[in-house]
Amino acid sequence: MAKFVVTEPVIVFAGSTVTQSCASVTINIEADDVETTSFGSNGWRTRVGGLKSGTVDFEFHQDMASGAIDELVYTNLGGAADVKVRPGGTAAISASNAEYQFDVLVQQANPIDSAVGDLATISLSFPITGEVTRATAA
């Protein structure tokens with residue numbers, strides 16, 4: 001597996017490419033731990049994976065322009081927004097440049113989260129709703 005440095009991923013939120021406004025993105029995916037221990041397990045706990053869920057965390061440079069971050073988040077508040085993240089950048093989607101695709105519930109907005117003299121940034125965390133797809137072909 002080739003190692004790489006994330007320098008210019010592709011990040012799409014609610015149908016708009018927001019790569020230039022995003023300072024960081026973290027996709028968290030997990031499966032529930034469901035215990036299946038029985039008398040025949042020789043004193044050891046056994047488990048299977050249960051329901052899957054996830055969240056995505058963004059650190060954005062705030063932008064109040066029309067069609068930018070503030071408007072995208074505010075207009076989708078209370079609804080679902082599609083998200084696509086391709087860590088390897090603009091190269092074609094492939095086995096070595098997978099794109100993660102999913103919908104999130106936009107349940108929060110914090111239009112301003114800065115002090116005097118600071119760069120206007122916002123940190124947002126959204127729950128993933130439905131399946132996360134790992135696309136390896138366009």
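Predicted model: local features only at pLDDT ≥ 70, side-chain atom pairs only at ≥ 80, totals over all residues.
Colleague: Why are strand β5 and strand β6 said to pair?
Modeller: Strands are DSSP runs of E, at least two residues, numbered from the N terminus, and two of them pair if DSSP finds at least two bridges between them. Strand β5 (residues 80-86) and strand β6 (residues 99-105) have 6 bridges in the antiparallel sense, so they meet that rule. Within this pairing, valine 83 stands opposite phenylalanine 102 in β6.

Colleague: Why is the pair of phenylalanine 13 and phenylalanine 126 called stacked?
Modeller: Rings of Phe, Tyr and Trp (its six-membered ring) pair if their centres lie within 6.5 Å, and planes under 30 degrees apart count as stacked, over 60 as edge-to-face and the rest as tilted. By this rule there are 4 aromatic pairs. For phenylalanine 13 and phenylalanine 126 the centres are 5.9 Å apart and the planes stand at 25°, so the pair is stacked. The two residues are 113 residues apart, phenylalanine 13 in strand β1 (residues 10-13) and phenylalanine 126 in strand β7.

Colleague: Are phenylalanine 13 and phenylalanine 126 buried or exposed?
Modeller: Both phenylalanine 13 and phenylalanine 126 are buried, where buried means under 20% relative accessible area, exposed over 50%, and partly exposed in between (1.4 Å probe, protein chains only).

Definitions and conventions. Residues numbered from 1 in each chain as written. Heavy atoms only, no water. Helix = DSSP H or I, 4+ residues; strand = E, 2+ residues; numbered from the N terminus.
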